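Hi there,

Here is the structure I promised to pass on. Please have a look at it first, and then read my notes below.

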There are 2 protein chains.
Amino acid sequence: MVCSFFMTKTIIITAAGKGLRMGADLPKQFLPIAGKPILQYTIEQFYNYDNAMEIILVLPEDHIPYWQLLINDHNFTIPHQLVEGGETRYHSIKNGLEYATGEVIGVHDGVRPFASQEVISSVFAKAEITGSAIPVLPLVDSIRELHGQSSTARDRSRFVSVQTPQCFKSAILKSAYSTGYNELFTDDASVVEANGQSIHLIEGNRENIKITTPFDLEIAKILLKA
Amino acid sequence: MVCSFFMTKTIIITAAGKGLRMGADLPKQFLPIAGKPILQYTIEQFYNYDNAMEIILVLPEDHIPYWQLLINDHNFTIPHQLVEGGETRYHSIKNGLEYATGEVIGVHDGVRPFASQEVISSVFAKAEITGSAIPVLPLVDSIRELHGQSSTARDRSRFVSVQTPQCFKSAILKSAYSTGYNELFTDDASVVEANGQSIHLIEGNRENIKITTPFDLEIAKILLKA
């Protein structure tokens, strides 16, 4: 019997955002909270979970020199591999996958520094057993479905909100990403599912927010204090 | 021609929560932010928009004496009518509606103190013209629909998250609430829609969160500072 917890692990962390042209805002993943870039917290969460894990960071080409400056300034020494991103999130993950050697591969948003250790552990463990696992949360607000100009109320208890890290056995994820791109692919579960695999859900943690607005950044500052 | 902006307005603010039994947590609407109960901020938002608006506050029976103590302690003088709530949100709104005299009636969650003046103004104005209006926001996270043990990815751009205040011409809302209760009624739009009316959407404001957890309360403290 092979103990599933001996499977080697990779995490692909992706941080998109527009290029670093003059006058543009600094992409959120590089913004500091309490003096440290968000992306650094994100990487540390995975390193703290398993310091033997392979860490691949996918960044847009013109962000890479900036990240290297940040690493240097902050004496950030956690080993990770840098890979150039592609045109969309899908293409970025596909690029990262070429370098991924783990038997189980997780994919995570660089601007989600608050995935809990419990969630990271559960989602990798579940993927080792079932082949796929993603963290989800119930919806807080009511929800409506749009149909052109009109809309209808939907039963919110039938829906869940999806977070990352999303974890898969390597062969499942690589096979899914070898098929063509579809603009409905907003996460890895949708790519894997389109390739005929079912997705297993685990309970996420509410604090695991995606930092995309100045408001989110303020929330992140509180979460860090707590 | 009747100018629609002469229509009289009512806001029904509802704050549910468990009874104030010994040892239970204080319901969120009574918790202070910067020394003032959340419910007081919520009421002020509507009074600031239109100080001639009829304000009806629906509270569980055993919360009413506590609210009266709070009003007194905080010298809270904005006029409002207190109505006893019912078994569910639906039944509470139905009770409030018996006292509502406005030509346009809004319904709002007591634990949403951050509806912007712009959203309140837009949603009432739109309801005066169309008969119904609710504030909505695009989804930030991916979404999945549950089917028993399985689930499928859905296109998040086809869904919106629903907030309050939800506003309706009086006859439309009262007619909808005179039909029977259904457990799928999670907001007023779903009640009105089940009665055959279409719902008009306006853009909400992201800060208009529903304060239901200690985490939300921390966010509310930031929002108040900002």
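A salt bridge here is a side-chain nitrogen of Lys or Arg within 4 Å of a carboxyl oxygen of Asp or Glu. By this rule, 24 salt bridges turn up over all chains. Before the details, some housekeeping: this is a predicted model, in which local features need pLDDT of at least 70, side-chain atom pairs count only at pLDDT 80 or more, and totals for chains, interfaces and linings use all residues. Residues are numbered from 1 along each chain as its sequence is written, chains are lettered from A and ligands numbered from 1 in the order in which they are written, and side-chain values use heavy atoms, with hydrogens and water left out.

**Salt bridges within a chain**

In chain A, Lys9(A) pairs with Asp50(A) at 3.7 Å, N to O. That bridge links distant parts of the chain: Lys9(A) is in strand E1 (residues 9-14), while Asp50(A) is in the loop between helix H1 (38-49) and strand E4 (54-59), 41 residues apart. (Helices, H or I with at least four residues, and strands, E with at least two, are DSSP runs numbered from the N terminus.) Lys9(A) is buried at 11% relative accessible area; buried means under 20%, exposed over 50% and partly exposed in between, with a 1.4 Å probe and protein chains only.

In chain B, Arg89(B) and Asp188(B) form a salt bridge, with the closest N and O atoms 3.1 Å apart. Here helix H3 (residues 89-97) provides Arg89(B) and helix H6 provides Asp188(B), 99 residues apart. Arg89(B) is partly exposed at 22%, whereas Asp188(B) is buried at 0%. Salt bridges that share partners also join Glu145(A), Arg154(A), Arg158(A), Glu145(B), Arg154(B) and Arg158(B) into one network.

**Where the chains meet**

The contact (heavy atoms within 4.5 Å) takes 39 residues from chain B and 39 residues from chain A. The area buried between them is about 3,500 Å², with carbon and sulfur atoms giving 58%; buried area is the accessible area (1.4 Å probe) that two parts lose on being put together, summed over both. On the chain B side, Arg144(B), Leu146(B) and Phe215(B) lose the most area to chain A, together 19% of what that side buries.

Eight salt bridges cross this interface. One of them joins Arg112(A) and Asp141(B), with the closest N and O atoms 2.8 Å apart. Strand E8(B) gives the largest share of the side of chain B that touches chain A, six residues.

Which strand holds Ser142(B)? Ser142(B) lies in strand E8 of chain B and is buried, with a relative accessible area of 8%. Leaving aside neighbours within four places in sequence, Ser142(B) is in contact with several residues, including Val160(A), Asp187(A) and Arg156(B).

**An aromatic cluster in chain A**

Rings of Phe, Tyr and Trp (its six-membered ring) pair if their centres lie within 6.5 Å; planes under 30 degrees apart count as stacked, over 60 as edge-to-face and the rest as tilted. The whole structure has 17 aromatic pairs over all chains. The rings of Trp67(A) and Phe76(A) have centres 5.9 Å apart and planes at 65°, so this pair is edge-to-face. Trp67(A) is buried at 0%, and Phe76(A) is buried at 7%.

Happy browsing!
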